[in-house]
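Please keep the sequence and the model in view while reading.

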Amino acid sequence: MTEAGICEGRVAVVTGAGRGLGRAHALAFAAEGARVVVNDLGVGLDGAGGSAGPAQQVVDEIRALGGEAVANGDDIATTAGAASLVATAIDTFGRLDTLVNNAGFLRDRMLVNLDEDDWDAVMRVHLKGHFLPLKHAAAYWRAEGKAGRTPDARVVNTSSGAGLLGSVGQGNYSAAKAGIIGLTLVASAEMARYGVRVNAIAPAARTRMTERAFADTMAAPGGDAFDAMAPENVSPLVVWLGSAASAAVTGRVFETEAGRITVMEGWRPGPTADKGARWTPAEAGETALKLLADSEPPQPVYGA
């Protein structure tokens, strides 16, 4: 562990931290001096089952390196679980400074084959699993501010390229990840007064969710070559966004993979026309086609 990292003295909660990106984030926060709450249910790729093993293993790794960490096995997509998650940080370490919402799983189907249960399950873990920890952390930070202890708090949400562009066979996942971006924008505006900065990442890395679907792209190289898809490549930006150093940044979305960081620029007004009166359908269609001809073409949906 470094002696004076950029998160020295901070307490970070990372959800879904038993494996993949979450594990990498937890270890990286600890390496920069943070005390870490490692949350994970230890479920399968589709959300089934459960085990305390993965979270505790990450805690053991952090402690073996001289850091401080505690495991948490709460279901953060429930009110009680999210409240308990925040309470674990406060009860164990006396405070909460950074929340990293990362937990998730996949249930991929083409839309015509996508069951309602698979839609609900993915929405629950990704979108509700972001909202509830955010809500309970915000309540704590608001109370701190009202007590005269204005926090210097951070939230890092996890979206996806699928949420930015869409992904064939992932209608549920894409919709949930797009919703996370909307939630990030609202939270950043609402929580600024409490000393909270809220941002999102759209990472690409080798995890259980990607190594099957994109096996060739995600494969680790041999020898000493740079492992572009290693999840550890994403964590430095997450740690910086979770530190006090990111005070000037909120309401932003970053794509990050390998050695690349991109600021994503969302919906902005493009070509426009104003008749000053109501269009007929034919006029509206003709005008729309003219505006589209002057606009930037959309990026293709993944897998299309």
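## Strands, helices and cores

Strand 1 and strand 2 run parallel and are paired over four bridges. The model is a predicted one. Within this pair, V13 has V37 of strand 2 opposite it.

Of the five residues in strand 2, four are buried, and the strand is mostly covered.

The stretch before strand 1 includes A4. Is A4 buried or exposed? With a relative accessible area of 69%, A4 counts as exposed because this value is over the 50% limit. A4 is 20 residues from A24 in sequence, and their C-alpha atoms are 19 Å apart in space.

A17 occupies the loop that links strand 1 to helix 1. A17 has a relative accessible area of 0%, under the 20% limit, and is therefore buried. Its contacts, apart from neighbours within four places in sequence, are G22, R23, A26, V38, N39, D40 and V58. A17 and N101 are 84 residues apart along the chain, and 9.5 Å separates their C-alpha atoms.

Helix 1 comes next. Its 12 residues reach 17 Å from the first C-alpha to the last, close to the 16 Å expected at 1.5 Å a residue. Nine of the 12 residues are buried, and the helix is mostly covered. Those buried are L21, G22, A24, H25, A26, L27, A28, F29 and A30. Their cover includes strand 1, strand 2, helix 2, strand 4, strand 6 (196-204) and helix 8. Just after helix 1, G33 has a positive phi of about 100°.

Which residues have the most contacts inside the largest nonpolar core? They are F29, V36, V38 and I62, in a core of 29 residues. Two or more residues of this core come from each of strand 1 (11-14), helix 1 (20-31), strand 2 (35-39), helix 2 (53-64) and helix 8 (235-241). Helix 1 makes the greatest contribution, with six residues. Another core lies apart from this one; it has 24 residues, and V37, Y140, V155 and V196 are among them. In soluble globular proteins, nonpolar side chains tend to be buried together.

Helix 4, residues 116-146, has 31 residues and spans 42 Å between its first and last C-alpha atoms, close to the 45 Å expected at 1.5 Å a residue. At K128 this helix bends by about 40°. Just after helix 4, G148 takes a positive phi, about 85°.

Helix 6, residues 171-191, has 21 residues and reaches 30 Å from its first C-alpha to its last, close to the 30 Å expected at 1.5 Å a residue. Its buried residues are N172, Y173, S174, A176, K177, I180, I181, L183, T184, A187, S188 and M191. These residues pack against helix 4, strand 5 (153-158), helix 5 (161-165), strand 6 and strand 7.

The last stop is a backbone detail. Most residues other than glycine have a negative phi. A258, in contrast, has a positive phi near 50° and is not a glycine. Where does A258 lie? A258 is in the loop between strand 7 (253-257) and strand 8 (260-264).

Note on methods
Residues are numbered from 1 along each chain as its sequence is written. This is a predicted model: local features need pLDDT of at least 70, side-chain atom pairs count only at pLDDT 80 or more; totals for chains, interfaces and linings use all residues. Side-chain values use heavy atoms; hydrogens and water are left out. A nonpolar core is a set of buried Ala, Val, Leu, Ile, Met, Phe, Trp, Tyr and Cys residues joined through side-chain atoms within 4.5 Å. Buried means under 20% relative accessible area, exposed over 50%, partly exposed in between (1.4 Å probe, protein chains only). Two strands pair if DSSP finds at least two bridges between them. The expected span of a helix is 1.5 Å times one less than its number of residues. Contact means heavy atoms within 4.5 Å. The bend at a residue is the angle between axes fitted to the seven residues ending there and the seven starting there.
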